[in-house]
Amino acid sequence: MKAPTNNNETGQLHLTSRFTSAIEYARILHIERRKGTNVPYVAHLLGVASLVMGEAGHVGFPVTEDMVIAALLHDAAEDHGGELRLKHIEHNFGSNVARMVEGLSDSLTADSNDKQSWPERKQNYIQKLREESADVRLISAADKLYNARTILEDYREIGPQVWDRFKRGREAQIFNFNELLKVYKLHGTNRIVEELQRVVAELRQVSADEAH
């Protein structure tokens, strides 16, 4: 895969009208709510983008506007149109953003009924992630950190019912987080990966009674 590219000469993160266009694109596309909640899905997308922006100057490569846009659109092709959506993203935001969105997607099948099973998609994603570039892995880790934090917060509020929101329960979810952590740590670590590891460990601990 191509290495991350910078979108400016200074290495500092600058956001332009492309960023606000991406927010509007995501707002129009993602009208759904987060699983089992009344929270707009855009909250997740903005949260992941915020985590990525927060790593500017803290990782060994520039955090670019393209990365922030890819974070905002990381579920667009997977959940809303597959390959055709990816082409639309490329047309509107460029090939570099499309490259990252593709790397962050566990499926590009438009019809949800034709997608592989949850375990197959997650395993294929983990295998693919091993070969992805550092920018994709950072966005991926931010996505998983946001998800893990949300599950932990909701677990404290409603307990084991939180797992009913997902296709697979506690064991599969925690196993998947741990397998992803192995891949992230193969390439070194950073603040997001370290925080993800801490949150997953806490989630495993607070929900441990379920496993007995």
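## Salt bridges in a predicted model

At 22% relative accessibility, Glu202 counts as partly exposed. In total, 15 salt bridges are found in the structure.

**Arg156 and Glu202**
- Glu202 pairs with Arg156 in a salt bridge, and their closest N and O atoms are 2.3 Å apart.
- Arg156 sits in helix α8 (residues 134-158) and Glu202 in helix α10 (residues 191-206), so this pair ties together parts that lie 46 residues apart in sequence.
- Arg156 has a relative accessible area of 51%. The cut-off for exposed is over 50%, so Arg156 is exposed.

**The network**
- Salt bridges with shared partners link Arg149, Arg156, Glu195, Arg198 and Glu202 in one network.

**Arg121 and Asp106**
- Arg121 and Asp106 form another salt bridge, with 3.3 Å between the closest N and O atoms.
- Arg121 belongs to helix α7 (residues 118-129), while Asp106 is in the loop between α6 (95-103) and α7, so the bridge ties together parts 15 residues apart in sequence.
- Arg121 and Asp106 are both buried.

**Lys144 and Asp143**
- Lys144 makes a salt bridge with Asp143, and the closest N and O atoms are 3.3 Å apart.
- Lys144 is buried, and Asp143 is buried too.

Definitions and conventions. Residues numbered from 1 in each chain as written. Predicted model: local features only at pLDDT ≥ 70, side-chain atom pairs only at ≥ 80, totals over all residues. Heavy atoms only, no water. Salt bridge = Lys/Arg side-chain N within 4 Å of Asp/Glu carboxyl O. Helix = DSSP H or I, 4+ residues; strand = E, 2+ residues; numbered from the N terminus. Buried < 20%, exposed > 50% of the residue type's maximum accessible area, 1.4 Å probe, protein only.
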